[in-house]
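Good morning, everyone, and thank you for making time for this. Please have the sequence and the model open while I talk, and follow along as I name places in them.

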Amino acid sequence: MPQIDDYVRPFAEVALSNITREYPFASHHLARSLADIVPAVEKHPAFANSYDWHSSVHMHYLLVSLLETEEAHGASWRDRALEVLSSHLSEENMFAEAAFLRENPSWERPYGWAWAVELNRVLNASKVSELRALGANSQVLADRVFDLVSAWLPKVAEPVRHGVHSNTAFGLRRILLGARAADRHDVIDAIAGAARRFFAEDAAWNFVQERSGHDFLSPGLCEADLMAEVLTEDESATWLPTFLSELSPESPALTPVKVLDPTDGQQSHLYGLGLSVAASVMRLAPKLESIGENTGDDDLMAQAKGMLTRVDSLMAPGLEAAVSDEYVSSHWLATFAWEALIQRVGHQH
């Protein structure tokens with residue numbers, strides 16, 4: 001597996017290229033009248049690029065994350081990155097993006113919402129003064145998402161368990177982490193309550209049959225990821241092993257799927273599936289191993305260690321596709337690749 005430093009410049013170049021590329025762009029808008037048929041940049045002055053709104057948001061997040069690395073200091077792309085980010089994430093643009101969410105309260109829910117919160121979180125936590133200033137600008141967008149989440153969750157009868165953007169658990173976990181960083185206890189409580197209502201009774205998830213041909217998320221692992229954040233240590237010690245009892249190193253869910261047609265935007269989701277599964281495994285396996293150690297469960301410890309042996313093979317196809325010339329892959333994959341790489345470095349240490 002190549003070193004993480006090897007990816008900083010290529011991923012920065014991909015991110016910069018994406019967030020300055022206006023077309024092709026998939027708007028995903030509901031047009032209420034002819035007046036709504038306008039260029040995307042009129043509705044989205046910050047995020048009308050990188051193929052679609054949510055990909056634009058998380059490519060901005062990726063670029064901010066890369067600027068935090070040692071490799072970014074003095075890098076040839078650094079000034080350009082700060083210039084583009086400062087232009088896109090201006091106070092005026094953030095108010096416009098937040099206003100669009102206010103007027104369209106179910107739009108980009110919950111996936112785009114989650115990335116907007118993540119972007120704000122990394123800006124606020126940045127060591128770079130210019131980026132922290134942009135965090136102040138983007139606060140209005142994150143606050144809008146927090147308010148929307150609090151209004152939405154009490155009305156949700158059942159979670160969405162697909163392996164794509166509408167997955168409830170994936171979005172809620174990221175928003176929860178952002179709400180903690182922002183001390184939004186109302187949002188933390190709303191997410192924790194909803195997660196318990198949705199998932200607390202689940203057990204023995206079927207990891208053999210969950211995968212479909214355009215997933216980029218594992219519904220089971222996304223759920224486990226969220227519940228590991230929400231449950232107490234004692235609750236996790238029971239819930240996690242029970243829920244993950246059907247997951248083994250040989251499970252199809254831990255085997256990369258070969259992408260037969262890389263030009264198919266739906267099928268190329270499978271590259272991201274390997275990356276997101278690997279990241280989830282690296283978060284969850286240590287928790288399982290710790291539970292096994294505390295309870296003297298050798299089988300659980302063996303299960304955890306076995307899961308980790310699948311990580312590199314899961315990541316490899318997505319790492320390659322993230323910097324490919326195929327735009328249906330390169331407009332989004334590098335974010336997932338970077339997060340998996342960061343997780344892998346943390347796990348090694």
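Before anything else, a word about a term: a residue is called exposed when its relative accessible area is over 50%, and buried when that area is under 20%. Please also keep in mind that what we are looking at is a predicted model.

With that cut-off in hand, let us start with Asp183, which sits in the loop between α8 and α9 (185–199). Is Asp183 buried or exposed? Its relative accessible area is 53%, and because that is over 50%, Asp183 counts as exposed. Asp183 also has a positive phi, about 55 degrees, even though it is not a glycine. Most residues other than glycine have a negative phi, and most peptide bonds are trans.

Glu108 lies in the loop between α5 and α6, and, with a relative accessible area of 13%, Glu108 is buried.

Staying in that loop, between α5 (91–103) and α6, we come to Pro110, and the peptide bond that leads from Arg109 to Pro110 is cis, with omega near -5 degrees. A cis bond also joins Tyr23 to Pro24, where omega is about 5 degrees, and Pro24 belongs to the loop between α1 and α2 (40–43).

Which residues touch the most other members of the largest nonpolar core? They are Trp77 and Ile175, in a core that has 118 residues, and the helix that gives the most to this core is α12, with 12 residues.

Let us now look at one helix by itself, α14, which runs over residues 311–321 and whose buried residues are Val311, Leu314, Met315, Gly318, Leu319 and Ala321. If you look down the axis of α14, these buried residues fall within an arc of 160 degrees, so they line one face of the helix. What do they pack against? Their partners are α1 (5–19), α12 (269–295), α13 (298–308), α15 (327–330) and α16 (333–348).

Rolling a probe the size of a water molecule over the atoms shows where empty space is left. The largest pocket holds about 570 Å³ of space, and of the 33 residues that line it, those closest to its centre are Tyr61, Glu118, Arg121, Glu339 and Ile342. Helix α16 gives the most to this lining, with 6 residues, and by class the lining has 16 nonpolar, 6 polar and 11 charged residues.

The second largest pocket has a volume of about 370 Å³, and among its 20 lining residues the closest to the centre are His28, Asp52, His54, His165 and His269. Its lining takes its largest share, 3 residues, from α3, and the classes here are 7 nonpolar, 10 polar and 3 charged residues.

Terms used: Residues are numbered from 1 along each chain as its sequence is written. This is a predicted model: local features need pLDDT of at least 70, side-chain atom pairs count only at pLDDT 80 or more; totals for chains, interfaces and linings use all residues. Side-chain values use heavy atoms; hydrogens and water are left out. Buried means under 20% relative accessible area, exposed over 50%, partly exposed in between (1.4 Å probe, protein chains only). Helices (H or I, at least four residues) and strands (E, at least two) are DSSP runs, numbered from the N terminus. The arc is that of the directions from the helix axis to the C-beta atoms. Contact means heavy atoms within 4.5 Å. On a 1 Å grid over the protein atoms alone, a cavity is a set of points where a 1.4 Å probe fits but cannot get out, and a pocket is an open set with protein on both sides within 12 Å along at least five of seven lines; lining residues have an atom within 4 Å of a point. Grid points are joined across faces, edges and corners, and a volume is the space filled by probe spheres set on the points. Ala, Val, Leu, Ile, Met, Phe, Trp, Tyr, Cys and Pro count as nonpolar, Asp, Glu, Lys and Arg as charged, and the others, Gly among them, as polar. A nonpolar core is a set of buried Ala, Val, Leu, Ile, Met, Phe, Trp, Tyr and Cys residues joined through side-chain atoms within 4.5 Å.
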